[in-house]
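Please look at the sequence and the structure below. The paragraphs after them go through one chain step by step.

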Amino acid sequence: MFRKWLKPVAHCAHCGQDWSLQQADDFPAYIGIFVVGHLLAPVVIAMISGGMSAWATLAILLPVSIVLLLVTLQPTKGAVIAFLWWHGIGAFKQERGAPSPKDPE
């Protein structure tokens with residue numbers, strides 16, 4: 001789905017879907033910050049309440065949080081683009097037809 005780290009391909013090589021229309025904007029970053037913050041909050045509390053200084057906690061958790069954010073950013077962007085496409089939001093038109101009513105028995 002990506003030609004570079006966060007740049008999606010213009011068209012899918014398999015089905016020809018146009019991915020240049022996507023507009024994920026900053027939402028993947030917000031999701032990543034939310035998830036990583038919730039993962040690291042108990043660790044920060046445990047480290048500080050365990051007697052570790054605030055500076056040592058910062059020195060350890062700052063690089064860890066940056067790495068976690070970088071690791072989660074691409075899958076999160078892919079998920080946001082897939083969500084937009086699936087629901088036909090923004091520039092993506094709804095490509096699937098409405099479900100047909102069940103046949104009467």
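Ala91 is partly exposed, with a relative accessible area of 41%; here buried means under 20% relative accessible area, exposed over 50%, and partly exposed in between (1.4 Å probe, protein chains only). Ala91 lies in the segment after helix H2 (54-87). In sequence 70 residues separate Ala91 from Leu21, yet their C-alpha atoms are 5.7 Å apart in space.

The model is predicted: local features need pLDDT of at least 70, side-chain atom pairs count only at pLDDT 80 or more, and totals for chains, interfaces and linings use all residues. Residues are numbered from 1 along each chain as its sequence is written, and side-chain values use heavy atoms, with hydrogens and water left out.

The chain has two helices and zero strands. Helices (H or I, at least four residues) and strands (E, at least two) are DSSP runs, numbered from the N terminus. Of the 105 residues in the chain, 20% count as buried. Among contacts (heavy atoms within 4.5 Å) with a separation of 6 or more, 56% join residues 24 or more positions apart.

Helix H2 has a kink of about 35° at Leu73, shortly before the proline Pro75. The bend at a residue is the angle between axes fitted to the seven residues ending there and the seven starting there. Leu73 is also one of the buried residues of H2, which include Leu61, Val80, Ile81 and Leu84. H1 is part of what covers the buried residues of H2. After H2 comes Gly88, with a positive phi near 65°.

The chain exposes about 7,800 Å², and carbon and sulfur atoms supply 69% of this area. Accessible areas come from the Shrake-Rupley method with a 1.4 Å probe; for residues, only the protein chains shown count as cover. Trp5, Trp55, Leu58, Leu62, Ile66 and Leu70 make a nonpolar surface patch of about 670 Å². Trp5 sits in the segment before helix H1 (27-49) and is partly exposed at 41%.

How many disulfides does a search of the whole structure find? It finds zero, a disulfide being a pair of cysteine sulfur atoms within 2.5 Å. The sulfur of Cys12 has its closest cysteine sulfur in Cys15, 3.6 Å away, which is too far for a bond. Cys12 is partly exposed at 25% relative accessibility, and Cys15 is exposed at 55%.

Technical notes. Patch = residues over 30% accessible without salt bridge, like charges linked within 9 Å, V, L, I, M, F, W, Y side chains within 5 Å. Salt bridge = Lys/Arg side-chain N within 4 Å of Asp/Glu carboxyl O.
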